[in-house]
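Colleague: I would like to go through this model and ask what stands behind each label. Please give the cut-off whenever a term comes up.

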Amino acid sequence: MNSTVHKTLVVELQAGVTDRFPVLAHLSYDPADPFAVTLVFSHEGRVLARWQLDREMLADGLTRPVGTGDVRLRPESGGMGRELRMEFLGEPHADGGRHHAVVFAWAGTVGDFLSDTFRSVPTGGEETRLDDFLTEVLTGR
């Protein structure tokens with residue numbers, strides 16, 4: 001049976017033009033939702049944000065720029081090594097702008113997490129239970 005994959009790592013958050021500061025990122029992968037990786041950012045015990053990312057997009061972001069919507073990923077060479085730059089666009093401000101945050105994670109650590117997810121459910125081995133989904137939608141569950 002495939003099992004859930006978890007990884008907690010320290011990443012650096014850059015909001016606006018401020019310096020980077022460390023926050024925790026909790027990555028999780030549930031084979032029951034095989035196309036998604038859940039990413040929860042927290043600081044001092046408080047959840048800052050929760051995002052669901054496409055697993056393939058996250059993997060692709062380690063090697064090339066991806067994303068044109070609310071999430072944009074790209075590899076970047078940092079001072080100490082390769083990083084994954086994750087840019088998140090959130091809710092609109094009253095002035096018409098949008099909340100914006102950039103998170104930097106060690107690419108190797110994210111890659112290790114993804115390798116574990118692909119061992120759990122290999123590419124092409126994902127199942128979608130369309131009948132179950134339609135039943136839930138139609139019955140209002």
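**Labels and their cut-offs**

Modeller: Start with R50, which is in contact with T38, L39 and V40 when neighbours within four places in sequence are left aside. Contact means heavy atoms within 4.5 Å. The model is predicted, so local features need pLDDT of at least 70 and side-chain atom pairs count only at pLDDT 80 or more, while totals for chains, interfaces and linings use all residues. Residues are numbered from 1 along each chain as its sequence is written, and side-chain values use heavy atoms, with hydrogens and water left out.

Colleague: Why is R50 called exposed?

Modeller: The relative accessible area of R50 is 59%. Exposed means over 50%, buried means under 20%, and partly exposed is in between (1.4 Å probe, protein chains only). R50 is over the 50% mark, so it counts as exposed. R50 is placed in strand β4, and its C-alpha is 9.6 Å from that of A25, a residue 25 places away in sequence.

Colleague: What makes something a strand or a helix?

Modeller: Both are DSSP runs numbered from the N terminus: helices are H or I with at least four residues, strands are E with at least two. The protein has three helices and seven strands, in the order β-β-β-β-α-β-β-β-α-α from the N terminus on.

Colleague: How many aromatic pairs are there, and what makes two rings a pair?

Modeller: There are two aromatic pairs. Rings of Phe, Tyr and Trp (its six-membered ring) pair if their centres lie within 6.5 Å; planes under 30 degrees apart are stacked, over 60 edge-to-face, and the rest tilted. F41 and F88 have their centres 5.6 Å apart and 70 degrees between the planes, which makes the pair edge-to-face. This pair links distant parts of the chain, with F41 in strand β3 (residues 36–43) and F88 in strand β6 (residues 82–92), 47 residues apart.

Colleague: Why is the pair of W51 and F88 given another label, tilted?

Modeller: The centres of W51 and F88 are 4.8 Å apart and the planes meet at 40 degrees, so the pair is neither stacked nor edge-to-face, and tilted is what remains. W51 is in strand β4 (residues 46–54), 37 residues from F88. Ring pairs link F41, W51 and F88 into a cluster.

Colleague: How do you know whether W51 is buried or exposed?

Modeller: W51 has a relative accessible area of 19%, which is under 20%, so it is buried. F88, at 5%, also counts as buried.

Colleague: What makes a group of residues a nonpolar core?

Modeller: The members are buried Ala, Val, Leu, Ile, Met, Phe, Trp, Tyr and Cys residues joined through side-chain atoms within 4.5 Å. The largest such core has 29 residues, and those touching the most other members are V11, L39, F41, L58, M86, F88 and L114. In soluble globular proteins, nonpolar side chains tend to be buried together.

Colleague: Where does the charged end of R20 sit?

Modeller: It sits over the ring of F104, 3.5 Å from the ring centre. The rule asks for NZ of Lys or CZ of Arg within 6 Å of the centre and within 35 degrees of the ring normal.

Colleague: How does the reach of helix α2 compare with the expected value?

Modeller: The expected span is 1.5 Å times one less than the number of residues. Helix α2 (residues 107–120) has 14 residues and reaches 20 Å from first to last C-alpha, close to the expected 20 Å.

Colleague: Why is T117 called buried?

Modeller: T117, in helix α2, has a relative accessible area of 0%, so it falls under the 20% limit. Apart from residues up to four places away in sequence, T117 touches V5, Y29 and R55.

Colleague: Why is T123 called exposed?

Modeller: T123 has 55% relative accessibility, which is over 50%, so it counts as exposed. T123 is in the loop between α2 and α3 (130–139). Its C-alpha is 8.6 Å from that of E56, 67 residues away along the chain.

Colleague: And what is E44, buried or exposed?

Modeller: E44 is exposed, with a relative accessible area of 74%. E44 is in the loop between β3 and β4, and its phi is near 50 degrees, a positive value in a residue other than glycine.
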